[in-house]
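Please have the sequence and the model open.

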Amino acid sequence: QVQLVESGGGLVQAGDSLRLSCAASGLSFSRYTVGWFRQAPGKEREFVAGISWIGDSTYYRDSVKGRFTFSRDRAKNTVYLQMNNLKPEDTAVYYCAAQLSGRILTGGSDYGYWGQGTQVTVSS
């Protein structure tokens, strides 16, 4: 029933931009917190950014502040992650996750729904 589908990844050079999207079916984001996570080879999955409809707030990990922007389209039930000035260390598989909550959640285990991921590769 519930499905989250990410798209927008690709191979880019350092300094370029990408816009990731996460479209949801089977649930409405309006009462959820949504998070973007990433996992690089050999590393643990880490929180990137989060947004809460109920709390009307966003939160970003320090390494992406000022470069990444989380936004939403209520009509399309879709969230976006605009990634600017990409760096090689941003290379990872990016995942969209959702959880019924009124606050930002930063732990992967806190989320119940996950997308399949989209690959972002940034060359130097």
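Which handedness does the link of C22 and C96 have about the S-S bond? The link is left-handed, with -75° about that bond. This is a predicted model, in which local features need pLDDT of at least 70, side-chain atom pairs count only at pLDDT 80 or more, and totals for chains, interfaces and linings use all residues. Residues are numbered from 1 along each chain as its sequence is written, and side-chain values use heavy atoms, with hydrogens and water left out.

**Disulfide**

- The whole structure was searched, and 1 disulfide (a pair of cysteine sulfur atoms within 2.5 Å) was found.
- The bond joins C22 to C96, with an S to S distance of 2.1 Å.
- Distant parts of the chain are linked by this pair: C22 belongs to strand β3 (residues 18–25) and C96 to strand β9, 74 residues apart.
- Strands here are DSSP runs of E with at least two residues, numbered from the N terminus.
- Both C22 and C96 are buried, where buried means under 20% relative accessible area, exposed over 50%, and partly exposed in between (1.4 Å probe, protein chains only).

- N77 is not a glycine, yet its phi is positive, at about 50°.
- The loop between β7 (68–73) and β8 (78–83) contains N77.
- N77 counts as buried because its relative accessibility is 16%.
- N85 also has a positive phi of about 50° and is not a glycine.
- N85 sits in the loop between β8 and β9 (92–100).
- The relative accessibility of N85 is 41%, so N85 counts as partly exposed.

Methods
Helices (H or I, at least four residues) and strands (E, at least two) are DSSP runs, numbered from the N terminus.
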